[in-house]
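Subject: Structure handover

Hello,

Here is the structure we talked about. Please open it next to this email; my notes follow below.

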Amino acid sequence: MKHIESRQASHGSTTSYIIGFVLSILLTILPLWLVVNHVLNRTALIVTIMIMAALQFLIQLLFFMHIRESEKPRYNVLAIILGIVFVITIVGGSAWIMTFNSQVQ
């Protein structure tokens, strides 16, 4: 029975969940505060929000989805990387097309 228990996936500790939760809350409130108080200009604000979103994504992966704790093959990490490439391609391409179309008119 002990062998079966050791093969089960380990879940994070309470401390790990609390740290992840606090970081997620901070990375949600900070961009909101920046927008409400008009602390940065538009470009810097957009870049800051995107950086905070990327950090939020990493926090979710590491603290709640336990990506770093898996001993299995890293197929799920490769799938996430492929998804990120798709999202960057779609969002970047859409932004490029919208920028090009707004200059033509």
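Which residues does the UniProt annotation "transmembrane region" cover? The record, an unreviewed entry, gives residues 16–36, 42–65 and 77–98. Please keep in mind that this is a predicted model.

**Overall layout**

The chain has four helices and zero strands. Along the sequence the pattern reads α-α-α-α. Of the 105 residues in the chain, 15% are buried. The accessible surface is about 8,700 Å². Carbon and sulfur atoms account for 72% of that surface. Take the contacts between residues at least 6 apart in sequence: 57% of them join residues at least 24 apart.

Two of the annotated spans can be set against the model. Residues 42–65 are 96% helix and 0% strand. The end C-alpha atoms of that span lie 33 Å apart. Residues 77–98 are 100% helix and 0% strand. There the end C-alpha atoms are 31 Å apart.

The average pLDDT of the chain is 82, and 79% of the residues score at least 70. Helix 2 has the highest confidence, with a mean of 93. Helix 1 (residues 2–7) has the lowest, with a mean of 47. Over residues 3–7 the pLDDT stays under 50. The model has zero contacts beyond four places in sequence for residues 3–7. Where pLDDT is low, the predicted coordinates should not be read in detail.

**Helix 3**

Helix 3 covers residues 42–64. Does its length agree or disagree with what its residue count predicts? It agrees: at 1.5 Å a residue, its 23 residues should span 33 Å, and the end C-alpha atoms are 32 Å apart. Just after helix 3, H66 takes a positive phi of about 55°.

Which residues of helix 3 are buried? They are L45, T48, M52, Q56, I59, L61 and F63. An α-helix has 3.6 residues a turn, so residues three or four places apart point the same way. Keep that in mind when you look along this list.

- M52 has a relative accessible area of 12%, so it counts as buried. Leaving aside neighbours within four places in sequence, M52 contacts L27, L30 and P31. M52 and P31 are 21 residues apart along the chain, yet their C-alpha atoms are separated by 7.3 Å.
- Q56 has a relative accessible area of 17%. That is under the 20% cut-off, so Q56 is buried. Not counting residues up to four places away in sequence, Q56 touches S24, L27 and T28.

L27 is on the contact lists of both M52 and Q56.

Is M50 buried or exposed? With a relative accessible area of 53%, M50 is exposed. M50 and P31 are 19 residues apart in sequence, and their C-alpha atoms are 9.4 Å apart.

**Aromatic pairs**

A pair of aromatic rings is described by the distance of the centres and the angle of the planes. How many aromatic pairs are there? The count is two.

One is Y17 with F64. Their ring centres are 6.0 Å apart and their planes are at 15°, so the pair is stacked. Y17 lies in helix 2 (residues 14–36) and F64 in helix 3, so this pair ties together parts that are 47 residues apart in sequence. Y17 is partly exposed, at 30% relative accessibility. F64 is partly exposed too, at 28%.

The other is W96 with F100. Here the centres are 6.4 Å apart and the planes are at 20°, so this pair is stacked as well. Both residues lie in helix 4 (residues 75–104). They are four residues apart, about one turn of the helix. W96 is exposed, at 62% relative accessibility. F100 is partly exposed, with a relative accessible area of 49%.

Best wishes

How values were computed
Residues are numbered from 1 along each chain as its sequence is written. This is a predicted model: local features need pLDDT of at least 70, side-chain atom pairs count only at pLDDT 80 or more; totals for chains, interfaces and linings use all residues. Side-chain values use heavy atoms; hydrogens and water are left out. Helices (H or I, at least four residues) and strands (E, at least two) are DSSP runs, numbered from the N terminus. Buried means under 20% relative accessible area, exposed over 50%, partly exposed in between (1.4 Å probe, protein chains only). Contact means heavy atoms within 4.5 Å. Rings of Phe, Tyr and Trp (its six-membered ring) pair if their centres lie within 6.5 Å; planes under 30 degrees apart count as stacked, over 60 as edge-to-face and the rest as tilted. Accessible areas come from the Shrake-Rupley method with a 1.4 Å probe; for residues, only the protein chains shown count as cover. pLDDT is the predictor's confidence in each residue, from 0 to 100. UniProt positions are given in the numbering used here, feature names are shortened, and annotations may be inferred rather than shown by experiment. The expected span of a helix is 1.5 Å times one less than its number of residues.
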